[in-house]
Amino acid sequence: MSKVYLVGAGSGDPALLTIKGRRALAQADIVFYDRLLNPLLLYLAPKTAELVFVGKAPDQHAVKQEAIEAAMIAAAQAGQTVVRLKGGDPGFFGRVGEEMVALAEANVPYEVYPGVTSASGASLYAGFAVTHRHLAEKCLIVTPTAKLQAFASEPIAQIAAGGTVVIYMGMERLADLTQIILEQGAKADLPVAVIRWGTWGRQEKVVGDLSDIADKVADHGLTNPALIILGPTAQYAAATSWFEELPNFGQRQVYVTETALSFDEMLDFTDEGADFYPVLVGAAQDERFTPLHQRLLPEYLADPQTQISYHGPAAEVLFQQLQASVMEANHEN
């Protein structure tokens, strides 16, 4: 029997992965990975490792939680080193507790490595801190996925007045949430920041207050995945952040190459603020990434702002062939 590593991938920027997480991926025989993590992290796994997508969307689960747990247990019992790569920090609404219980009950050894949760990553990349001396000295992290009555029972307004409230998975109920907080006695001008795809090159944010944030978000078309942050420090998100000032922030780059790239070479692009997606073709092509391309490439190619660059004499032709196969597979599905 081998071991299972439950690894937090961080909130989006692949460079935020911990050293422990990187070392776990480097020895993996099989990686079960989530939907919202940065796919560049998968290039840290050995070329012999199996890559298994088990992502969940709010209305659709690729694989049920119980099936994921069973697959991890079976792989470890078969002698494989298993990495369960989860977006953000698995200890914050990541269901890692259930996986720990399942592994313990099956007598499968495991280790858990935290990641940078969105509350910290998204806020700092958007230009403000969750806590601030004399301004916000307490914090509540909450999700309203349960009944709204339970959410309404929390002292949201009281905490947000002199602290910060971070709401995960609340975008679909934003108008209801702001109304509940106003009814609790919060001031209408309480600052609110909504951050979508925090720490990615595609990061977007809308800043307002309790009275207008729902309308502003609707006007900007912001949807999940996004974080809602209420409290005095959220006002600082109105200014351009250090991350948003990087030279390539906001650029979506599809980089097609016949030469393999190292993980650190990929970080050269993301460190400049780009939303970077590599496509290795020809001799560098890795068939394990074909399902990833089928899922993600159509979105990049549908964006008219996406920049495609080709490196190698046959890169463009090989990419067109790959693109055709991706589109055909998606049509069949």
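Me: Is Trp-197 buried or exposed?
Reply: Trp-197 counts as buried, at 14% relative accessibility. Buried means under 20% relative accessible area, exposed means over 50%, and partly exposed lies in between (1.4 Å probe, protein chains only). The model is predicted: local features need pLDDT of at least 70, side-chain atom pairs count only at pLDDT 80 or more, and totals for chains, interfaces and linings use all residues. Residues are numbered from 1 along each chain as its sequence is written, and side-chain values use heavy atoms, with hydrogens and water left out.

Me: Where is Trp-197 in the fold?
Reply: Trp-197 lies in the loop between β10 (191-196) and β11 (204-209). Helices (H or I, at least four residues) and strands (E, at least two) are DSSP runs, numbered from the N terminus. Trp-197 has a positive phi of about 50 degrees although it is not a glycine.

Me: And what is the phi of Phe-93?
Reply: Phe-93, also not a glycine, has a positive phi of about 60 degrees. Its place is the loop between β6 (82-86) and α3 (96-105). Phe-93 is partly exposed, with a relative accessible area of 38%.

Me: Which residues form the nonpolar patch on the surface?
Reply: Phe-92, Phe-93 and Met-169 form it, with about 280 Å² of accessible area together. Patches are made of residues with over 30% relative accessible area and no salt bridge; like charges are joined within 9 Å, and nonpolar side chains (Val, Leu, Ile, Met, Phe, Trp, Tyr) within 5 Å. The areas come from the Shrake-Rupley method with a 1.4 Å probe, and for residues only the protein chains shown count as cover. Met-169 sits in the loop between β9 (164-168) and α7 (174-183), and is partly exposed at a relative accessible area of 45%.

Me: New topic: which residues does the cis peptide bond join?
Reply: The bond joins Asn-224 and Pro-225, and omega is about 0 degrees. Pro-225 belongs to the loop between α8 (213-220) and β12 (226-230).

Me: How many residues of β13 are buried?
Reply: In strand β13 (residues 252-257), 6 of its 6 residues are buried. Arg-252, Val-254 and Val-256 point one way, whereas Gln-253, Tyr-255 and Thr-257 point the other way. In a regular strand the side chains alternate between the two faces of the sheet.

Me: What is the strand order in the sheet with β13?
Reply: The order is β14-β13-β15, in an open sheet of 3 strands with parallel pairing. β14 and β15 stand at the edges with a single partner strand each, so one side of each is left without a neighbour in the sheet. The twist averages 20 degrees from one strand to the next; axes are lines fitted to C-alpha atoms, for helices over the stretch in contact, and angles run from 0 to 180 degrees between N-to-C directions.

Me: How many bridges pair β13 with β14?
Reply: β13 and β14 (residues 275-280) pair over 6 bridges; two strands pair if DSSP finds at least two bridges between them. Tyr-255 has Pro-278 as its bridge partner in β14, and Gln-253 stands opposite Phe-276 in β14. On the other pairing, 5 bridges join β13 to β15 (residues 307-311), where Val-254 stands opposite Ile-308.

Me: What about the other open sheet, in which order do its 5 strands come?
Reply: The order is β3-β2-β6-β1-β7, again with parallel pairing. The edges are β3 (50-53) and β7 (110-113), each with a single partner strand, so one side of each is left without a neighbour in the sheet. Within that sheet, β1 (residues 4-8) and β6 pair over 5 bridges, and Gly-8 stands opposite Lys-86 in β6.

Me: Which residue meets Lys-86 in a salt bridge?
Reply: Glu-99 does, at 3.2 Å from N to O. A salt bridge is a side-chain nitrogen of Lys or Arg within 4 Å of a carboxyl oxygen of Asp or Glu. Glu-99 counts as buried at 0% relative accessibility, and Lys-86 is buried with a relative accessible area of 2%.

Me: How many salt bridges does the structure hold?
Reply: The structure holds 15. One of them joins Lys-216 and Asp-212, whose closest N and O atoms are 3.8 Å apart. Lys-216 counts as partly exposed at 30% relative accessibility, as does Asp-212 at 23%.
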